[in-house]
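Reader: Could you walk me through reading a few features of a structure, one step at a time? I would like the general idea, then the case at hand.

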Amino acid sequence: MKLKKLLLLPVVALLITSCSSVRVTTDYDTKANFNQYKTFAFYKTGIDKAAVSELDKKRIMRAIESELVAKGMTKSSNPDVLVSMFTKSRERVNVRDNSFRYGYGYGWNGVNRLDINQYTEGTLFLDIIDAKKKQLVWQGIGTGALRTKNVEKKEARIKEFVAEIMAKYPPGAEKK
């Protein structure tokens, strides 16, 4: 009985991790020493160019700050790293064929049914820049559906996007 439970555990873990609604990829400078980065600030020039509303920029920045502080970093006017962001979105359409057929021989009958789901897919790029060298050292990219207009749900969705991306910072953090 214990063996069955132990064998079931990886399957459950795989299902839980595969249900994440934000797909994340990262890239980083393998020569950068991420242990030296203790303080951060936002890179205003980059953030000003992000193609989202000022309210959403504030939501994203609050979520980033919360994640970095939780990792032991401190916001500073003389930072080790600068944090920038870039966004893009596109309309997506999913079409699923839910038709079915029944019958025997040449007498097949059926019901044709297509489910069409239209939504906006958003991508959030988070850049960590070495403040002294002025070089990009880490980038996290999160992509997922943006299906809500409700303010509270939108804020929760932004926090989810940022948390999923920042879970991979610094490199190797997801292994801990």
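Author: Gladly, and keep in mind that this is a predicted model.

Reader: Which residues meet Glu155 in a salt bridge?

Author: The general idea is to look for a side-chain nitrogen of Lys or Arg within 4 Å of a carboxyl oxygen of Asp or Glu. Here, the side chains of Arg62 and Glu155 form a salt bridge, with N to O at 3.7 Å. This pair links distant parts of the chain, as Arg62 sits in helix α3 and Glu155 in helix α4, 93 residues apart. Arg59 also meets Glu155 in a salt bridge, at 3.7 Å from N to O. Because Glu155 belongs to helix α4 and Arg59 to helix α3, that pair ties together parts 96 residues apart in sequence.

Reader: Are the two arginines buried or exposed?

Author: Arg59 is buried, with a relative accessible area of 11%, while Arg62 counts as partly exposed at 47%. Both belong to a network of salt bridges that links Asp56, Arg59, Arg62, Lys154 and Glu155.

Reader: How many salt bridges does the structure hold?

Author: There are nine. One of them joins Glu54 and Lys57, whose closest N and O atoms are 3.2 Å apart. Both residues lie in helix α3 (residues 54–70), three residues apart, or about one turn of the helix. Glu54 is exposed, at 51%, whereas Lys57 is buried, at 5%.

Reader: Back to α4: which of its residues are buried?

Author: They are Arg157, Ile158, Phe161, Val162, Ile165 and Met166. To read a pattern like this, look down the helix axis: in α4 the buried residues fall within an arc of 160°, so they line one face. On the other side, Glu152 and Lys153 are exposed. The helix covers residues 151–166 and reaches 22 Å from first C-alpha to last, close to the 22 Å expected. At its start, a side-chain oxygen of Asn150 comes to within 2.9 Å of the backbone nitrogen of Glu152.

How values were computed
Residues numbered from 1 in each chain as written. Predicted model: local features only at pLDDT ≥ 70, side-chain atom pairs only at ≥ 80, totals over all residues. Heavy atoms only, no water. Helix = DSSP H or I, 4+ residues; strand = E, 2+ residues; numbered from the N terminus. Expected span 1.5 Å × (residues − 1). Buried < 20%, exposed > 50% of the residue type's maximum accessible area, 1.4 Å probe, protein only. Arc of directions from axis to C-beta. Polar contact = N/O pair within 3.5 Å; in protein donor to acceptor, adjacent residues only side chain to side chain.
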